[in-house]
Amino acid sequence: STQSGGCVGIAAVGRLRSSRSPPGAAALVQARQAHMARSRGASFAWLLRLFLAGAAVATLGLLYTTHAQHAVNDAPLAAEPPKPKAPLKKPDAASGCPAQGCPPRFWAPVSIAGVEHGDPRVSLCKLAFDTYWRDPSKTPMFRDLASASRCGRGRAGTLNTLYEDMRKKNIKPVKPSGFVFHESRVGSTLVANMLAAVPTNIVYSESAPPPAVLNHCRSCSKQRKTDILQKLIALMGASPTNYHTHLFFKFQSATVPNIRSLLDAFPETPWLFVYRDPVQTMMSHFKNGVGNGPCLRQRRSPPPATIKILKAESAAKASRTSPENYCAAHLAMLTSSALDADGSSDRGLLVDYASMPGALEAYVFPKHFGLSLAPEDALRTHAASSVYSKARGGRKAGAWESDNEKKERAATPAIKSAAATYLQPTFERARQATLSRTGGDDLVHFRDFAP
């Protein structure tokens, strides 16, 4: 057929073309393929030799290192001579340190968590106390000091472990020399700054750890709360040298309702509560406008004591009262708490803002806190009293001037009415408590005292 004939023709043509190929072509192809195979084999062999050589070098290095390490470990240790204690720095023009040297840094608690159960966890920072005393108004609050100390991640550990470690190192912590409580916006930071101006004093101005125990250890037994507070305060006074001699705490006003828990833990520590004229105090709280004062922070959930002072039927009704009335009742609640604590303690003293700063230097520090100051320290303390306590190096830095009369003139009728109704009675009771403790002296005549 035609198709089969075509197939035969194609095959014939193929044989014809094959018969026309140049002689030796097949041999040339085979030779080229063999050459390529030998090249690949040679490359593989070269890589294998390189790998084996590298492995041999690494093995020899490891054997040498191991041998050397054994030699070091087996060698006898040379006894190191004991390192002498660094002498205290002498004062010089550059450092400006006092005769006893610069205050040392040491690892102190900056926060505590888990206070209600188990062993609380404590975070530490090496605080820059040498910065604090030079100008307390630049770092007036604990958060300012912590920021200036550049704590970063710091250190951390459990409370009992850190406390036992302190004891094993034979560090004897400075015992608390005085506690400062206050009505808020009544000059308590001035008290802390004057104490902090003495280099040998450790001062914590509204630090975070103690309030975390006082205010948030709600389910804690009295024994547990006392144990935590005593160990925590010890760590905060654990200066590793004999440099520091006194330890003071200025607490947040929010701790005043729980003041007795602290006094139970430290019954021998003297304490004071600073109060102020009712209208002046409320005006200071409302310096940014009525409705924005710190005295209103608990307004949405008022405590029972504040509800009672307002004579409100419920917390909801107490929270709906005017800002002026609530602020006055809140401040009255704080003062009443301090008065209750003063009635059950013989170590308290209520101090009227009108007597400051002179009464602090002439009476409170030497007679109540037992703080005997060298002449140069007395001058530092007095200098700290003459500047704005929360300047932080800003525009308010410089000489402080009283604004009492300005506050009185600017007070609204609503503020005056609330102050007279809710706050004036506790103010009068506080003044009587001052007179009772000092033998009839309101201390106001000391106001302009100078060393």
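This is a predicted model: local features need pLDDT of at least 70, side-chain atom pairs count only at pLDDT 80 or more; totals for chains, interfaces and linings use all residues.

Trainee: How many disulfides does a search of the whole structure find?

Mentor: The search finds 4 disulfides, where a disulfide is a pair of cysteine sulfur atoms within 2.5 Å. One of them joins Cys125 to Cys151, with an S to S distance of 1.9 Å.

Trainee: Which hand does the disulfide of Cys125 and Cys151 have?

Mentor: It is left-handed, because the torsion about the S-S bond of Cys125 and Cys151 is about -85°. Cys125 lies in strand E2 (residues 121-126) and Cys151 in the loop between helix H4 (142-148) and strand E3 (155-158), so the pair ties together parts that are 26 residues apart in sequence. Helices (H or I, at least four residues) and strands (E, at least two) are DSSP runs, numbered from the N terminus.

Trainee: Is Cys125 buried or exposed?

Mentor: Cys125 counts as buried, at 1% relative accessibility, whereas Cys151 is partly exposed with a relative accessible area of 22%. The cut-offs are under 20% relative accessible area for buried and over 50% for exposed, with partly exposed in between (1.4 Å probe, protein chains only).

Trainee: And how far apart are the sulfur atoms of Cys217 and Cys220?

Mentor: The sulfur atoms of Cys217 and Cys220 are 1.5 Å apart in the model, and the two residues form a disulfide. Their link is left-handed, with -75° about the S-S bond, and both Cys217 and Cys220 are buried.

Trainee: What about Cys295 and Cys327, which parts do they tie together?

Mentor: Cys295 and Cys327 form a disulfide with their sulfur atoms 2.2 Å apart, and with -105° about the S-S bond this link is left-handed. Cys295 lies in the loop between helix H10 (278-285) and helix H11 (304-310) and Cys327 in helix H13 (residues 323-343), so the pair ties together parts that are 32 residues apart in sequence. Cys295 is buried, and so is Cys327.

Trainee: Changing topic, why is helix H7 largely enclosed by the rest of the structure?

Mentor: Helix H7 (residues 209-216) is largely enclosed because 7 of its 8 residues are buried. These are Pro209, Pro210, Pro211, Ala212, Val213, Leu214 and Asn215, and the buried residues of H7 pack against strand E1 (107-113), helix H8 (222-236), E6 and H9.

Trainee: And Gln252, which residues is it in contact with?

Mentor: With neighbours within four places in sequence left aside, Gln252 is in contact with His182, Glu206, Ser207 and Pro211. Gln252 lies in the loop between strand E6 (246-250) and helix H9 (259-265), and its side chain reaches the backbone oxygen of Ser207 at 3.1 Å.

Trainee: Last one: which residues line the second largest cavity?

Mentor: The second largest cavity is lined by Glu183, Tyr275, Arg276, Thr335, Leu423, Thr426, Phe427 and Ala430. Helix H17 (residues 413-438) gives the most to this lining, with 4 residues. For the term itself, a cavity is a set of points on a 1 Å grid over the protein atoms alone where a 1.4 Å probe fits but cannot get out, and lining residues have an atom within 4 Å of a point.

How values were computed. Residues are numbered from 1 along each chain as its sequence is written. Side-chain values use heavy atoms; hydrogens and water are left out. A polar contact is a pair of N or O atoms within 3.5 Å; within protein, one must be able to donate a hydrogen and the other to accept it, and residues adjacent in sequence count only if both atoms are side-chain atoms. Contact means heavy atoms within 4.5 Å. On a 1 Å grid over the protein atoms alone, a cavity is a set of points where a 1.4 Å probe fits but cannot get out, and a pocket is an open set with protein on both sides within 12 Å along at least five of seven lines; lining residues have an atom within 4 Å of a point.
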